[in-house]
Amino acid sequence: MSTFKTSKSEQKSRDPGIQSGDLVLVRLPKGDIRSVKVEKNTTVVIPKFGAFFANELVGQPYGLTYEIQDKKLTYAPPKTLEEIEDTDATNELINDGEFVQPLTVDEIQALKRSGVHASDIIKMQIEQHANYSLKTEYSKDKYKKRKEAKYSKVFATIEPTLYNVCEYWFAKDQLRLRDLRIDSLSQMLNLANVRPGGRYLAVDDASGILVAGILERLGGEGKLITICATDSPPAYPCLMQMNFPSSVTDVLISLNWATAEEDYTPILPPSDIPTEQVKSDRQKHRLNKRKAVTDLLNNTREELFAGEFDGLLIASEYDPYSIIERLSPYLGGSASMVVHSPFSQIIVELQAKLRVLPQFLCPTVSESWLRRYQVLPGRTHPMMAMSGTGGFLCHATKMYVRTLTN
Amino acid sequence: MWSSARTVAEGDTIIVWLTRDQLQPLVVTPGKDLNTKFGNFKHADLVGVPYGSKVASRGASGRGFIHVLRPTPELWTLALPHRTQILYLADIAFITAALNVRRGSRVVEAGTGSASFSHSIARTIGRAGRLFSFEFHEARFLKAREEFRRHGLLNGMVRLQHRNVCKDGFGVSGVDAVFLDLPAPWEAVGYAKEAMRKDRIARICCFSPCIEQVLRTVSALNDAGFTEITMHETLLRPIEVFQTPKLPSVGEAAAELKRAEVRREEKRQRQIAANRRAVEEAREGKEAKEREGKREEGGKRKVVDDEEGEGEEEPEHKRARVDVPSTPGVASTASSTRPRTTTSAPQKINVAKALAEVRGHTSYLTFASLVPVPAGYAGRTEAGSSSNGGSGGGDTPVVKVENAT
């Protein structure tokens, strides 16, 4: 397969297409989304669906649709919506439980094994279906689509945008995202005024989706310090799915709740050993590494304690007030604070605590609501199932306590 | 865009926060005064004040104060002068995410309107990005231009044009995202496609309040070869938090009812005793009267028997209710059903509910993607059919994607 060539300016841009080593989201015919690792010169396996050579995808732009045939990919043009003619058909004469499909499962399996294309199998099923002609056109369309989803080997790659990654994770494990749905997440990023060049503090126990959002908006320009409850920097699994280049993730640095305390002296192994005591190159290398870690920690602490940050974003399993107590002193005047929680009580109690404190202007509580519609021609309606909650937000502005007089 | 300095300088645009519903944008111009219901201020006094300060008003009457805030697009949305219906946080944030607008994005918007959306997008794309904003209404265009100039957006970040995009198109190409807030977005869909990049996914959002507009837009997008057409509605439910005394238990009510019954019975017994006494006195009195030959007593202090005593129950009942305060913790000594708290302040709890009247609908958000098409496919998408390309063009390998024109 010829690879997709990128121009020089595109290589520099932040969307270079699919690259070797990327985690790629793919949408299968039934609508479910999987994440697969695309590593050059390997075979990509989508469990219970199919396998293909990774090189087929490397260098391709995101969003294209492919059909798998013999581990090779062929481009499949995306489908557009079809108008459906209204007919007089109704389901008046169609009853449940009637024997309508003489084609057995075994026969279908045999056809599939012999390499008959999915579209031909569906055609045969329709021809043999006893009641197909009685169905309404809408019902026929639904039937065809259902069958296609079942047999088709067509998938599309999904660009790892914040929206798509959040949607994928939310559908996969809402609890691990702490109900941080994309509408709530985007509101947090806007309310906290996250912009390229800004400096932010964040606490993310939501698998890193909040950190992913901030890094995406910074685009490699600015600073993000996260505070975590673990000894070493947290994993933030959502970040992996974003396939960020290092230029984007380099602005992120983490402290933990102990090292984020001003009067705590972190216990670090000595790195300043007189040169005459250094015995080997290995030891020297180790000491240099140790010194780099120590310096980074000290510099990060200094930067935090120097304050004047532009915003604080919290999606944590810890008491949000305890976080605000510790971190809000490092916010500049007029900076924004946004807290998310899956639970209304947590946010309500937080608001009640904040509103009596003069350093927080107008703590405001809100809940986000999101509804998706089916927009097929002639069949437009809200989806039957919708996400029940995207969590609750409390937002406030940091003020200086002293009132200025003239 | 706006000042990122720590303190306010002459010429800065600031947001004066008066109340939750009253935010006022202000260009700090020494020599001018600011008069609010919270007192009078001199612009000159605001120069040098750190952003995020509370500033007290001037003079003897000066017990009022204002909050001096640094503008953000979100504050601007709440404070801006309305020239049109505007977009609010929930829609702006969702559209930004769904269109994948981020640092460096090239975005088209039409029309500019009151520029609530524009400011938010400009903030998000930053200096590396570019917003092409189109307004067909001349007066609104001129006002927006003045505003963008004052906010430092016209030096490269935002390009504003007075142009009817439904007639004349956008005159740009290779943009990542298009946002159409127009009465008839379907008229601009073809031009939007021309403006969008073809080498990567580009995205469009059409913002329409009516479902009929959505249907026309969807079919125009579909005909133009857009895919992944979805439609969303998003709202932000504002929630108010209240403090209220801890709700009393019905055990309290039961105890009070029992106490009232006891008092009523005691009263009845007292009345019986009183009646007996009255009868006694009456008899004695009669004898005395007979002796003294004076006027008869009776009309008012009527002799009642046991059952008629009930007639006085109502005032008694009312008095009993007043005796016992409903506030828990200050219950009368007779209360024994609830453990009494020793603190004098009544226990408070925090409760929350949605505002009584909220924004119920803004607009439907119709999204679609323009996906790159390999050169061999001549830019035409196949109408949806059961044979999804596998048999039709199955031999065509994945080839070089057309470059943006």
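This passage describes the interface between chain A and chain B. The structure is a predicted model.

In this model, 88 residues of chain B are in contact with 86 residues of chain A. The area buried between the two chains amounts to about 7,800 Å², and carbon and sulfur atoms give 57% of that area.

Polar interactions also occur across the interface. Between chain B and chain A, 22 residue pairs are in polar contact, with both residues at pLDDT 80 or more. Five salt bridges are found across the interface of chain B and chain A. In one salt bridge, the side chain of B:Arg103 meets that of A:Glu221, with an N to O distance of 2.7 Å.

On the side of chain B that touches chain A, at least two residues are supplied by each of several helices and strands. The helices are α2 (73-79), α3 (89-98), α4 (116-125) and α8 (211-223) of chain B, while the strands are β5 (53-56), β6 (65-69), β12 (227-245) and β13 (348-354) of chain B. Strand β12(B) gives the most to this side, with 15 residues. In composition, the residues of the side of chain B that touches chain A comprise 42 nonpolar, 28 polar and 18 charged residues.

Strand β12(B) is also joined to chain A by strand pairing: β12(B) and strand β13 (residues 360-376) of chain A pair in the antiparallel sense over nine bridges. Within β12(B), B:Met231 is the bridge partner of A:Tyr373.

How values were computed: Residues numbered from 1 in each chain as written. Chains lettered and ligands numbered in written order. Predicted model: local features only at pLDDT ≥ 70, side-chain atom pairs only at ≥ 80, totals over all residues. Heavy atoms only, no water. Contact = heavy atoms within 4.5 Å. Buried area = accessible area lost by both parts, 1.4 Å probe. Salt bridge = Lys/Arg side-chain N within 4 Å of Asp/Glu carboxyl O. Polar contact = N/O pair within 3.5 Å; in protein donor to acceptor, adjacent residues only side chain to side chain. Helix = DSSP H or I, 4+ residues; strand = E, 2+ residues; numbered from the N terminus. Nonpolar A, V, L, I, M, F, W, Y, C, P; charged D, E, K, R; others polar. Pairing = 2+ DSSP bridges.
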